[in-house]
Amino acid sequence: MIPIAKPYLTEDEAQAAYDTILTGWITQGPKVQKFEEKFAAYTGAKYAVAVSNCTTALHLSMIVAGIGPGDEVICPSMSYIATANAIQYVGATPVFAEVQQATCNLDPIDAEKRITKNTKAILLVHQIGMPADIEAFQELCDRYNLKLIEDAACAAGSAYKGRKIGSHSELVCFSFHPRKVISTGDGGMITTNREDYYNRLKLLRQHGMSVNDRVRHEASRIIFEDHVEVGYNYRMTDIQAAVGIKQLEKLDWIVEERRKIASAYHEAFKVIDFIGLPPEEEGYFSNYQSYCIYLKPSSPIDRNTLMQELLDRGIASRRGIMNSHRETAYRDSHRSVELPISEDLQDRSIILPLYVPMREDEISLITNAFKDILIKKTIVI
Ligand SMILES: *Cc1c(COP(=O)(O)O)cnc(C)c1O
């Protein structure tokens with residue numbers, strides 16, 4: 001059975017977790033600090049704040065950006081549901097905008113149409129690792145005085161116009177869930193260039209506590225903390241951070257390997273004219289967190305049949321990215337929203353297996369399965 005994904009974890013990560021456990025300092029300690037410093041340096045952002053996952057990263061970003069009840073935040077419906085949920089957590093309303101067919105990323109023209117006097121921010125998602133057009137959205141946000149927040153859950157190691165994702169805007173949120181390109185089990189990171197945001201994020205992730213564990217540990221005089229606002233427990237542990245440091249060292253290599261697999265898929269599928277492939281545009285460097293193909297309306301085989309045929313051959317696949325407005329949690333409150341492109345992409349797309357290391361025979365098993373299925377259905381390519 002070829003799985004859809006698996007994390008690339010080795011003895012290095014296991015040893016790092018083991019060593020950290022034996023130091024006796026297993027949360028909010030030196031490993032978390034080191035991981036933050038290394039992640040900031042990697043992305044080119046001034047600061048990075050480690051948190052428990054990307055959903056909590058998004059929640060804290062909403063708070064520091066000043067989003068609250070009565071505010072509207074524009075985001076894609078076509079994203080993992082955590083994107084919309086983070087907006088709900090602060091009492092604001094997600095306003096779903098349409099994506100572009102080719103990239104699956106938010107469409108700046110459609111987003112602009114949905115701006116009202118209550119709009120406070122745009123939450124921009126880099127869909128399955130493909131960077132969205134950050135400059136277009138920054139320009140839009142500047143023009144309407146909105147905050148730009150990036151949901152880069154899938155985009156560690158991706159780059160936009162020559163710079164790594166994480167360096168472009170004021171708040172960028174990453175995930176280290178096992179389905180992402182690097183993993184700490186669960187985990188998240190926020191990068192920012194703003195010192196005030198950095199300081200407040202560190203407070204909020206640890207109960208609003210004015211003195212962090214490291215400062216107290218290193219102090220030579222007694223020191224008492226204050227809890228200066230109602231915060232959260234959104235901490236990352238040092239065990240996770242130690243794993244994260246090892247993963248980060250491999251990130252560029254992992255991305256290169258993923259891109260090789262993506263280009264093998266590309267070569268195999270480009271001859272099939274009813275399959276739409278991920279775009280490869282200048283300035284948009286994807287880490288291929290997922291490889292998603294689109295079955296055009298001209299396709300002689302329907303999506304679910306193709307997925308079943310793959311499964312029958314021992315190959316896992318997934319349908320396209322979900323639409324939050326179609327889920328029970330959002331359906332009633334977003335009945336009137338019309339997002340034909342997003343819905344069509346969800347219904348007609350297939351995510352294929354992609355993980356490191358993926359052997360050549362595994363890749364050709366998949367590409368050959370496509371040929372076999374199409375021949376069986378007497379589809380000439
Ligand atoms: C995975 C994902 C999240 C949630 O990340 P967690 O670390 O699991 O909380 C949020 N947004 C997008 C776009 C994602 O893909």
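## Close-up views of a predicted model

**View 1. Ile128 is found in the loop between β4 (119–125) and α6 (134–144).** Helices (H or I, at least four residues) and strands (E, at least two) are DSSP runs, numbered from the N terminus. Ile128 has a phi near 40°. That value is positive, and the residue is not a glycine. The model is predicted, so local features need pLDDT of at least 70 and side-chain atom pairs count only at pLDDT 80 or more, while totals for chains, interfaces and linings use all residues. Numbering starts from 1 along each chain as its sequence is written, and side-chain values use heavy atoms, with hydrogens and water left out.

**View 2. A cis peptide bond joins Val356 to Pro357.** Omega for this bond is near -5°. Pro357 sits in the loop between β14 and α13.

**View 3. The largest pocket holds about 650 Å³ of space.** Its lining counts 28 residues, and Ser79, Tyr80, Cys154, Lys180 and Gln289 are the closest to its centre. The largest share comes from α3, with three residues. A pocket here is an open set of points on a 1 Å grid over the protein atoms alone, with protein on both sides within 12 Å along at least five of seven lines; lining residues have an atom within 4 Å of a point. Points are joined across faces, edges and corners, and a volume is the space filled by probe spheres set on them.

**View 4. Both domains contribute to the lining of the largest pocket.** Domain 1 (11–249) and domain 2 (252–376) each supply at least three residues. The domain bounds come from an automatic or database assignment. By class, the largest pocket's lining divides into eleven nonpolar, eleven polar and six charged residues. Ala, Val, Leu, Ile, Met, Phe, Trp, Tyr, Cys and Pro count as nonpolar; Asp, Glu, Lys and Arg count as charged; the others, Gly among them, count as polar.

**View 5. The second largest pocket holds about 250 Å³ of space.** Of its 20 lining residues, Ala102, Leu277, Pro278, Pro279 and Cys292 are the closest to its centre. Strand β12 (residues 291–295) gives the most to this lining, with four residues. The class count for the second largest pocket is 13 nonpolar, six polar and one charged. Domain 1 (11–249) and domain 2 (252–376) each give at least three residues to the lining of the second largest pocket.

**View 6. One cavity of 30 Å³ or more turns up in a search of the whole structure.** Two or more lining residues come from each of α9 (238–269) and β14 (349–352). A cavity is a set of points where a 1.4 Å probe fits but cannot get out. The lining of the largest cavity has twelve nonpolar, two polar and four charged residues. Domain 1 (11–249) and domain 2 (252–376) each provide at least three of its residues.

**View 7. Helices α3 and α4 pack with their axes 9 Å apart.** Their angle is about 40°. This makes α3 oblique to α4. Axes are lines fitted to C-alpha atoms, for helices over the stretch in contact, and angles run from 0 to 180 degrees between N-to-C directions. Angles under 35 degrees count as roughly parallel, over 145 as roughly antiparallel, 65 to 115 as roughly perpendicular and the rest as oblique. The α3 and α4 crossing is right-handed. In a right-handed crossing the near helix is turned clockwise from the far one by less than a right angle; anticlockwise is left-handed.

**View 8. The axes of α9 and α13 come within 10 Å.** They cross at roughly 25°. Helix α9 is therefore roughly parallel to α13. The crossing of α9 past α13 is right-handed.

**View 9. Helix α10 (residues 303–312) crosses helix α13 (residues 360–376) at roughly 120°.** Their axes come within 10 Å. The two helices, α10 and α13, are therefore oblique to each other. Helix α10 passes α13 in a right-handed crossing.
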